[in-house]
Amino acid sequence: MSVPDSVMKMKKTKGSDGYELTFTSSVDRVNYTIKELITRANKDVGRFLVAEIRNKVRDINPFIKKARRAPERYQYWARGKEGDLIIGVENTSKGAETAWWADQAELGTNGQPKRGIIYETVQSNIDKIREIQSQYLSAINNEPEAVALANENESVPDGQNGGDGVE
């Protein structure tokens with residue numbers, strides 16, 4: 001979606017004095033840019049956290065290192081309309097029959113020890129999350145940079161996006 005045009009343009013000209021008053025509102029443009037910057041920042045935070053989570057999952061035991069798909073069950077969803085980021089385990093109702101262990105390991109149910117992989121990863125990387133978010137949100141002061149970041153096309157190969165199915 002492209003950046004919206006201004007909502008309101010007013011132009012007032014007074015007869016022989018020759019002065020002209022022009023007012024242009026760019027509220028929609030600014031709101032759109034801020035929303036897109038937040039979405040892009042959430043996507044980058046999601047990519048970073050899921051990569052960290054997957055590395056921790058691979059280090060749990062040697063069986064998981066052999067189970068190639070096990071770490072891929074951890075994914076993120078950066079929802080643009082809601083402006084939030086969800087990090088979790090792929091749902092078994094959507095075809096991930098091998099993800100049953102992930103929620104048990106996270107919460108410590110059915111005899112599994114509570115590992116809290118997602119929670120611990122997020123807590124230990126709060127400074128990095130703030131750094132990623134600030135890179136995008138500091139661009140608000142510079143309109144050309146903000147528009148470039150908001151409209152940036154992602155070049156992530158398929159299967160590398162961490163479950164980012166929502167744009």
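Me: Which residues in helix 1 meet helix 5, and which residues in helix 5 do they meet?

Reply: From helix 1, Leu37, Ile38, Arg40, Ala41, Asn42, Asp44, Val45, Phe48 and Leu49 meet Lys128, Ile129, Ile132, Gln133, Tyr136 and Leu137 of helix 5. Contact means heavy atoms within 4.5 Å. The residues of this contact divide into 10 nonpolar, two polar and three charged. Ala, Val, Leu, Ile, Met, Phe, Trp, Tyr, Cys and Pro count as nonpolar, Asp, Glu, Lys and Arg as charged, and the others, Gly among them, as polar. One caution: this is a predicted model, where local features need pLDDT of at least 70 and side-chain atom pairs 80 or more, while totals for chains, interfaces and linings use all residues. Residues are numbered from 1 along each chain as its sequence is written, and side-chain values use heavy atoms, leaving out hydrogens and water.

Me: How do I read the way two helices pack?

Reply: Packed helices are described by the angle between their axes and the distance between those axes. Here, helix 1 (residues 27-58) and helix 5 (residues 126-137) pack at about 150 degrees, with axes 9 Å apart. Axes are lines fitted to C-alpha atoms, for helices over the stretch in contact, and angles run from 0 to 180 degrees between N-to-C directions. Helix 1 and helix 5 are therefore roughly antiparallel (angles over 145 degrees).

Me: And which residues are buried in helix 4?

Reply: Ile117, Ile118 and Thr121 are, in helix 4 (residues 117-124); buried means under 20% relative accessible area with a 1.4 Å probe, protein chains only. They cover an arc of only 95 degrees around the axis, which puts them on the same side of helix 4.

Conventions
Buried < 20%, exposed > 50% of the residue type's maximum accessible area, 1.4 Å probe, protein only. Helix = DSSP H or I, 4+ residues; strand = E, 2+ residues; numbered from the N terminus. Arc of directions from axis to C-beta. Parallel < 35°, antiparallel > 145°, perpendicular 65-115°, else oblique.
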